[in-house]
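Reader: I have this model open and want to go through a few spots in it. Can you take my questions one at a time?

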Amino acid sequence: MNGLHNILVPLDQSDCAEQAVSVAASIARRSGAGLRLVSVEAPLPALALASGSSDVASEVDLEVCDHLRQYLDSIAYAVRDTQGGAVETAVLHGPVAAALSEYAETNPIDLIVMTTRGRRGLSRWLIGSVADQLVRRTHVPVLLLHPSELPQPTEFRRILIALDGEIEDEVLGPATALGSLYPAAHYTLTRVVEPAMPILTPLAPYPSPLEPQRIERLEAQARDYLEKICGQLRSDGLEATYKVLVGGNIATQVLQLAEALGADCIAVGTHSRRGAERLVVGSEADRIVRGA
C-alpha cells in the first residue's frame with residue numbers, strides 16, 4: 001500500500017455498502033489516490049435463463065448494466081462535488097467475489113475499502129459471503145468496515161497490528177502506510193502466546209499443570225520479536241509500542257486489547273508462508289473481523 005494510487009470501492013446499491021465511500025474518499029484525498037467505484041452484474045439465475053428467450057435475457061442484461069452505470073455515475077458525481085479528486089466507475093460481470101478479485105488483480109489497485117454487509121441485510125456481504133471470498137482470493141489489502149448508524153470513522157490514528165511471527169511484512173506495510181496519512185499516528189504491536197495444552201493419553205488421563213518456565217520462555221521470545229519490529233518502526237520516525245498477550249483464544253485477546261486501546265483499526269494478516277492460510281477467514285482473522 002506504499003505509494004497509494006487507486007482505491008477500489010465495491011457497491012451494490014445499498015446504504016450499507018455506500019458507507020465505505022466516505023472512508024475511501026477521505027483516504028484518497030489525503031493520499032492523492034483516485035477512486036474506482038464498481039458494481040457487479042451477477043449472472044442471471046439458471047431458472048430465469050431457462051424460462052426466457054436469449055433476446056429477453058440480453059435485454060434484461062443491458063437494462064441492468066445501464067441502471068448500474070447510472071447509479072455509479074451518481075455516486076461519482078457526488079464524490080467529485082464534495083471531495084474532489086479523480087473518480088472512475090466500472091460495471092463488472094460474473095460471480096461477485098470472483099469479478100472483484102480479478103479486477104483488483106488486473107488493475108493497479110492498492111487498497112479495497114468495503115463494508116461487510118450489503119443489499120440483502122444481515123448476510124449479503126457478511127463474512128462467509130462476498131467479503132469472505134474476496135479476502136481469501138485477493139492479495140490486495142482490504143479495509144473492512146462494519147455498517148453503523150453513526151458516521152464511519154475517517155481517521156485511523158490508533159492502529160493495532162496483530163502479528164504471528166510469519167507475515168509481518170504483509171501486515172506492517174499496509175498498516176503503516178494507512179497510519180502515515182494521519183499526524184501523530186500510534187501503532188501498537190501485539191502477539192498472543194498460546195500455552196500449549198498437554199496431550200491426554202490413557203496413561204495420563206488428566207492434564208498436568210502447564211510448565212511456567214515454558215510460558216515465560218515463549219513470552220520472552222514474543223517480547224524480543226515485537227521489540228525488534230518496534231525498533232524498526234521507531235527508526236523510521238514512527239510512534240510504536242507493543243504488548244505481549246497470553247491466552248488460549250487469540251481473537252478474544254486481540255479484541256479485548258483493541259477495546260482497551262480505543263483502536264481505530266486492527267491490522268491482521270490472512271496468508272501465511274506455510275502455504276495454508278493460518279490467520280485466515282474461518283479462523284482467527286475471521287473471528288476478529290466478526291467481533292471487532
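Reader: Where does Q13 sit?

Author: Q13 is in the loop between β1 and α1 (15–31). Bear in mind that this is a predicted model.

Reader: What is the phi of Q13?

Author: The phi of Q13 is positive, about 70°, although Q13 is not a glycine. Most residues other than glycine have a negative phi.

Reader: Which other residue has a positive phi although it is not a glycine?

Author: A184 is one, with a positive phi of about 60°. A184 belongs to the loop between α6 and β7 (186–193).

Reader: And is A184 buried or exposed?

Author: A184 has 68% relative accessibility, so it counts as exposed. The cut-off for exposed is over 50%.

Reader: Now the sheet. What is the strand order in the 5-stranded open one?

Author: The order is β3-β2-β1-β4-β5, and the pairing is parallel. The edge strands are β3 (87–93) and β5 (142–145), each of which pairs on one side only. On average, neighbouring strands of this sheet are turned by 25° against each other, direction ignored.

Reader: How many bridges join β1 to β2?

Author: There are 5 bridges between β1 (residues 6–10) and β2 (residues 34–41), and the two strands run parallel. As one example, I7 has L35 as its bridge partner in β2.

Reader: Which helix lies across β1, β2, β3 and β4?

Author: Helix α4 (residues 96–106) lies across those strands, with β4 at 111–115. Its direction is at about 150° to β2.

Reader: Which residues of α4 are buried?

Author: V96, A97, A99, L100, S101, Y103 and A104 are buried in α4. The cover over the buried residues of α4 includes β1, β2, β3, β4 and α5.

Reader: How do α4 and α5 pack?

Author: α4 and helix α5 (residues 130–137) pack at an angle of about 35°, and their axes are 9 Å apart. Their crossing is right-handed.

Reader: Which residues meet there?

Author: From α4 there are V96, A97, A98, L100, S101 and E105, and from α5 there are V130, Q133, L134 and R137. By class, this contact of α4 with α5 has 6 nonpolar, 2 polar and 2 charged residues.

Reader: Next pair: what is the angle between α6 and α7?

Author: Helix α6 (residues 168–179) packs against helix α7 (residues 212–235) at about 40°, with the axes 13 Å apart. That angle makes α6 oblique to α7, because angles under 35 degrees would count as roughly parallel. The crossing of α6 and α7 is right-handed.

Reader: Which residues make the contact?

Author: E168, L172 and T176 contribute from α6, while Y225, I229 and L233 contribute from α7. By class, the contact of α6 with α7 has 4 nonpolar, 1 polar and 1 charged residues.

Reader: Different spot. Where is T154?

Author: T154 is in the loop between β5 and β6 (158–162). T154 is partly exposed, with a relative accessible area of 30%.

Reader: What is T154 in contact with, leaving aside neighbours within four places in sequence?

Author: With those neighbours left aside, T154 is in contact with S22, V23, S26, R30 and Y182. T154 and A20 are 134 residues apart in sequence but 9.8 Å apart in space, C-alpha to C-alpha.

Reader: And T188, which strand is that in?

Author: T188 lies in β7. T188 counts as buried because its relative accessibility is 7%, and buried means under 20%. Leaving aside neighbours within four places in sequence, T188 is in contact with I159, L160, I161, T241 and L261.

Reader: Last one. Which residues of α9 are buried?

Author: In helix α9 (residues 284–291), the buried residues include E284, A285, D286, I288 and V289. What covers the buried residues of α9 includes β5, α8 (250–261) and β9 (265–268).

How values were computed. Residues numbered from 1 in each chain as written. Predicted model: local features only at pLDDT ≥ 70, side-chain atom pairs only at ≥ 80, totals over all residues. Heavy atoms only, no water. Pairing = 2+ DSSP bridges. Helix = DSSP H or I, 4+ residues; strand = E, 2+ residues; numbered from the N terminus. Axes fitted to C-alpha atoms, helices over the stretch in contact; angles between N-to-C directions. Contact = heavy atoms within 4.5 Å. Left-handed = near helix turned anticlockwise from the far one by under 90°. Nonpolar A, V, L, I, M, F, W, Y, C, P; charged D, E, K, R; others polar. Parallel < 35°, antiparallel > 145°, perpendicular 65-115°, else oblique. Buried < 20%, exposed > 50% of the residue type's maximum accessible area, 1.4 Å probe, protein only.
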